[in-house]
Amino acid sequence: MAEQRRDQRGERDAREGGQGVPEGWGRGVSAEEAQAWEALVATARRTVADGLVVGTSGNVSVRVGDTVLVTPSGLPYDRLTPDDVTGVDLDGRQVLGTLVPTSELPMHLAVYRTTDARAVVHTHAVHATAVSTLVPELPAIHYMAGALGGPVRVAPYAAYGTDELAENMLHALADRTACLLQNHGTTAYGTTLDQAYDRTAQLEWMCRLWLTASSVPGLSPTLLSPEQLAEAGEKLRGYGQRR
Ligand SMILES: [Zn+2]
């Protein structure tokens with residue numbers, strides 16, 4: 001992948017008569033975008049450090065104005081530098097950088113087009129992905145589901161990177177801020193990278209909790225009623241420092 005990047009830059013430098021512009025094609029990177037990129041890379045590295053992602057199997061994006069900064073395809077997060085800013089517009093046209101954006105770009109853009117999201121985190125977290133193969137909805141095992149808008153749905157399987165997967169995900173995300181993707185992973189969004197990350201981590205934790213509780217032979221976990229989840233959701237909306 002590093003070779004791919006160098007080749008791309010070489011071609012561009014040749015096109016521009018050797019006057020390489022570090023910011024890539026399109027236009028320069030604004031101070032706000034540079035800062036957002038730094039936060040995006042930190043969040044992406046955190047998904048690996050916390051075990052939500054193995055290798056390059058997840059992706060992260062953040063919206064700055066009408067530009068979406070997104071992790072490049074197939075590059076380990078520890079190799080990303082401030083010069084690697086990769087950005088597209090809301091139609092997916094690359095406006096920043098020369099690296100190829102994540103193959104899951106259609107999913108990220110679908111979220112930004114239809115919600116107030118400013119950040120999206122996609123992972124293949126192991127417990128969440130396991131649950132996605134067992135049920136069409138995560139059973140209401142804990143009141144924290146209220147923080148995600150209610151019981152977390154599983155989007156039916158479609159091949160990665162396709163518009164069909166993005167569409168299935170949007171249906172599963174209706175009135176929710178996170179969902180599972182069948183035999184694939186998780187998608188969560190928020191108004192900040194931290195919020196999208198926290199929702200992903202909460203979802204993975206709840207999936208682990210349900211798998212743990214439902215694996216005791218001869219016993220099955222109690223579940224919360226829709227009323228109990230709604231009540232928790234109300235309380236959580238007023239909790240802490242968030243809006
Ligand atoms: Zn994926």
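Two residues are said here to be in contact, or to touch, if their C-beta atoms, placed from the backbone, lie within 7 Å. Please keep in mind throughout that this is a predicted model.

**The whole chain**

Begin with everything displayed: the protein has 243 residues, of which 40% count as buried, and its secondary structure comes to seven helices and eight strands. Among contacts between residues at least 6 apart in sequence, 66% join residues at least 24 apart.

**The sheet**

Now select the strands, which form an open sheet of eight in the order β4-β3-β2-β1-β5-β8-β7-β6, with mixed pairing. At the edges you will find β4 (94–96) and β6 (154–155), and because each has a single partner strand, one side of each is left without a neighbour in the sheet.

Select β1 and β2, which form a hairpin with two residues between them, and look in the turn for glycine 65, whose phi is positive at about 60°. The two strands pair in the antiparallel sense over four bridges, and valine 64 stands opposite threonine 67 in β2. With side chains shown on β2, Thr67 and Leu69 point one way while Val68 and Val70 point the other way, and all of these are buried. In a regular strand, side chains alternate in this manner between the two faces of the sheet.

**Strand β5 and its two partners**

Next select β5, residues 119–123, which is joined by five bridges to β8, residues 185–190, the two strands running antiparallel. Is β5 enclosed by the rest of the structure or open to the outside? Five of its five residues are buried, so β5 is largely enclosed by the rest of the structure. Ala119, Val121 and Thr123 point one way from the strand, whereas Val120 and His122 point the other way. On the β8 side, alanine 119 has glycine 190 as its bridge partner, and valine 120 stands opposite tyrosine 189. Towards β1, the pairing with β5 is again antiparallel, over four bridges, and there valine 120 is the bridge partner of serine 61.

**Helix α2 and arginine 45**

Select helix α2, residues 31–49, which lies across β1 (59–64), β2 (67–70), β3 (87–89) and β5, running at about 155° to β1. Within α2, pick out arginine 45, which is partly exposed, with 16 other C-beta atoms within 10 Å. Leaving aside residues up to four places away in sequence, arginine 45 touches Tyr77 and Asp78. Arginine 45 and tyrosine 77 are 32 residues apart in sequence, yet their C-alpha atoms are 5.8 Å apart in space.

**Helix α6 and threonine 200**

Move to helix α6, residues 193–213, which lies across β1, β5, β7 (178–181) and β8 and runs at about 145° to β8. Not counting residues up to four places away in sequence, threonine 200 touches Leu52, Val121, Thr123, Ala178, Thr186 and Ala188. Val121 and Thr123 in this list are among the residues of β5 that point one way from that strand. A distance drawn from threonine 200 to threonine 47, 153 residues away along the chain, gives 9.2 Å between C-alpha atoms.

**Helices α3 and α5**

For the last stop, select helix α3 (residues 105–114) and helix α5 (residues 163–173), whose axes come within 8 Å and cross at roughly 40°. The two helices are therefore oblique to each other, and their crossing is right-handed. On α3 the contact is made by Pro106, Met107, Ala110 and Thr114, and on α5 by Asp163, Leu165, Ala166, Met169 and Leu170. These residues divide into seven nonpolar, one polar and one charged. Then colour Leu105, Met107, His108, Leu109 and Val111 of α3, which are buried. What covers the buried residues of α3 includes β1, β2, β3, β5, α5 and β8.

Technical notes
Residues are numbered from 1 along each chain as its sequence is written. This is a predicted model: local features need pLDDT of at least 70, side-chain atom pairs count only at pLDDT 80 or more; totals for chains, interfaces and linings use all residues. Axes are lines fitted to C-alpha atoms, for helices over the stretch in contact, and angles run from 0 to 180 degrees between N-to-C directions. Angles under 35 degrees count as roughly parallel, over 145 as roughly antiparallel, 65 to 115 as roughly perpendicular and the rest as oblique. A crossing is left-handed if the near helix is turned anticlockwise from the far one by less than a right angle, and right-handed if clockwise. Ala, Val, Leu, Ile, Met, Phe, Trp, Tyr, Cys and Pro count as nonpolar, Asp, Glu, Lys and Arg as charged, and the others, Gly among them, as polar. Two strands pair if DSSP finds at least two bridges between them. A residue is buried if 20 or more other C-beta atoms lie within 10 Å of its own, exposed if 12 or fewer, and partly exposed in between; C-beta atoms are placed from the backbone.
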